[in-house]
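Student: I'd like to learn how to read aromatic contacts in a model. Can we work through a case?

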Amino acid sequence: METKLSDNTRIEDHPILDFPARRVVTFTWEGQELRGYEGEPIAAALHAAGIKVLHTSHKSNRPRGFFCAIGNCSSCLVVVDGVPNVRACTEKLREGMRVERQVGTGPAPRARE
Amino acid sequence: MNTLLTTGVPSAQDIAGVTPPDERRKRGPYATIECFQPIPCDPCHHSCRFGAIQEFEDINDIPKIDWSKCTGCAVCVAACPGLAIFVVDETYGEEECLIAIPYEFVPLPEKGQPVRLTDRAGIVVGDGTVQRVVSGRKPAGTSVVWVSAPKRLATVVRGFIPRKED
Amino acid sequence: MSVRKTELAIVGAGPAGICAALEAASHGVKTTVIDRGEELGGQLIKQTHKFFGWHKKSAGTRGILIAKKLSEDVRNSENITVLNSTEALGYYDDGTLLVETPQGIDRVIGDRMIVATGASERMILFPGNDLPGVYGAGAVQTLMNAHGVRPGQSVLMIGSGNIGLIVSYQLLQAGVRVEAVVEAMPTIGGYAVHASKIRRLGVPILTRHTIKEAYGKDQVEGAIIWELDDSWNGIPGTEKDLKVDVICLAVGLSPLAELLWQCGAEMAYIPELGGFVPLYDENMETTRKGVFVAGDVAGIEEASTAMAAGRLAGLSAARSLGKVPDDEYAKLKAEILAELEGLRSGPASAKIRSGLAKMREMLQAVQAKELAGGEPRPQGVRGERDCAGSNSEEAVGA
């Protein structure tokens, strides 16, 4: 099992904290394959991969990233497996997730096939 | 206006108030507590085995030190939550003094490692060497690094930047 | 949908909520704690610095270790049921707290309730403040300390309160450069020891400075800062261009008080306490009888005061359920009040003291009006019902 990612944004050595080994999973962002740790917030995995624009605002189409990281604001809404308005900062990453940048209010969810 | 409150750097007057008299400085290592503002905090008093840091009447009291009891052991350096205590030994050598500095960064320097010495504003003021490292246990502890410095910088040096050995 | 009955429902498992739960549970109160996080501890789980306060309490201990200890205590208490990863959705007039658990939506009905929902981060106005890369200081802390991801390479910190100073230090510890801390006020807002700590590491703290704008195509590529004159206007010609990829906002917190508004608790705007806060008495009880508060939702302070206030709220709730004898109650209450007074008696707490004094005055005015025969207020957490008549056999965790 792979447990280590070495993006240069990942903290490997810290004076106070240890970050335990976690399983590496593959997911897609806008169709592009990326890797992250299972169970970390989607936003953490995306940030580690250098992706900061998660959403565009519905009136002026301005880029939006995360802001509070704990589910208070709605700045980081993404579409996950076709479901819009998912908070990237609190939703846990899973193997095979299909994550897309949300445009405005996002698409209405489709019935599962 | 008080430079401490406008820049984070204590004034010369602030420093003079927490530096022992010359006679005590010549006698051996001493702690200096750079905590100038009443805040609710008392672990320094409880960390001192020698009773040198006086008991607090009020939790907001500014710590007072009795230098006749202080041995310069530096237990308080690792105990202060504000990382505001240092130990200075001006009897260390002819030309050099020894300064104990709380350190919470990685990697922890090693004995013999050369360092750039910095002052209270983070400005490099000279060169020194790591003489002793007391590692704080992760995650709870704070490490204490003893660096040697030119004696004239005993009241100036309060930090360091590790250098790679050339 | 299931109904979970409990003697005491606590919303929020941060320092205030946990301490409230532990205190109430120690008096035999069946308590249900609801928190949207997976781990208990609220924002403590990312506080890597050592806390101030009393040695005999938790001074000198890092926030992360306090969180660990408190969650262990909660797990070891047979009177506490934890609903984690559970969000409180709303409070209804009949006393129902609707919650969303990972399994679905449930009703929680408590004989008493403690709201310890904490606070959210504030935003300030400047061009470009919506660009990705402008993050709350707490968000930056979460990203690096809870998830191990650096927020960027170089940071401008806005605000020199304790949060701004502490997060700057933590950024340095994570290997991130802090370009500067700017502070609009003429003096540093947080404790001097925190300021000196980052100043020694070479971070400039610029008082009377603020951000003029953030720029960048789709995300932050830099920031312009400038000096302020005595009327808080930027001084042309003093602009500095900082190449940063993160702008971190530490400009204060606002209480997350939605549940209290829904409860019909009397609220007041008290800037010293961070905005709209509930009016509450010496027992931490709001004007909605049976609904107690503790922590930042009752006024923005520090985790140490939140822990003490939480214990007081838990004790008061336990007493109103008839679980604490009068003499024991008086003794414990006096102890906690003395602790709170100590924590708030320094010059750094002047603002809090004046805010609390205002709040008490407003509370007295409301109480006087009620005595004079004003409109009756809803009583008890379950509307008009007598809240003392609970059946503990039904309680969750019984």
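Student: Which residues form one aromatic cluster?

Tutor: This is a predicted model. In it, Tyr103(B), Phe105(B), Phe160(B) and Tyr169(C) make up one aromatic cluster.

Student: How many aromatic pairs does the structure hold over all chains?

Tutor: Seven aromatic pairs, over all chains. To sort a pair, look at the angle between planes: under 30 degrees counts as stacked, over 60 as edge-to-face. Take Tyr103(B) and Phe160(B): their ring centres are 4.7 Å apart and their planes meet at 20°, so this pair is stacked.

Student: Which parts of chain B does the pair tie together?

Tutor: Tyr103(B) sits in strand β3 (residues 96-103) and Phe160(B) in strand β7 (residues 159-162), so the contact links parts 57 residues apart in sequence.

Student: Are Tyr103(B) and Phe160(B) buried or exposed?

Tutor: Both Tyr103(B) and Phe160(B) are buried. Now chain C. The rings of Trp261(C) and Phe276(C) have centres 5.3 Å apart and planes at 65°, so that pair is edge-to-face. Trp261(C) belongs to helix α6 (residues 258-263) and Phe276(C) to strand β18 (residues 275-278), so the pair joins parts 15 residues apart in sequence.

Student: What is the relative accessibility of Trp261(C), and of Phe276(C)?

Tutor: Trp261(C) has 46% and counts as partly exposed. Phe276(C) has 41% and also counts as partly exposed.

Student: Which residue lies over the face of Trp232(C), and which over that of Trp226(C)?

Tutor: Arg208(C) lies over Trp232(C), at 4.9 Å from the ring centre. Lys212(C) lies over the face of Trp226(C), at 4.6 Å from the ring centre.

Terms used. Residues are numbered from 1 along each chain as its sequence is written. Chains are lettered from A and ligands numbered from 1 in the order in which they are written. This is a predicted model: local features need pLDDT of at least 70, side-chain atom pairs count only at pLDDT 80 or more; totals for chains, interfaces and linings use all residues. Side-chain values use heavy atoms; hydrogens and water are left out. Rings of Phe, Tyr and Trp (its six-membered ring) pair if their centres lie within 6.5 Å; planes under 30 degrees apart count as stacked, over 60 as edge-to-face and the rest as tilted. Helices (H or I, at least four residues) and strands (E, at least two) are DSSP runs, numbered from the N terminus. Buried means under 20% relative accessible area, exposed over 50%, partly exposed in between (1.4 Å probe, protein chains only). A charge sits over a ring if NZ of Lys or CZ of Arg is within 6 Å of the ring centre and within 35 degrees of the ring normal.
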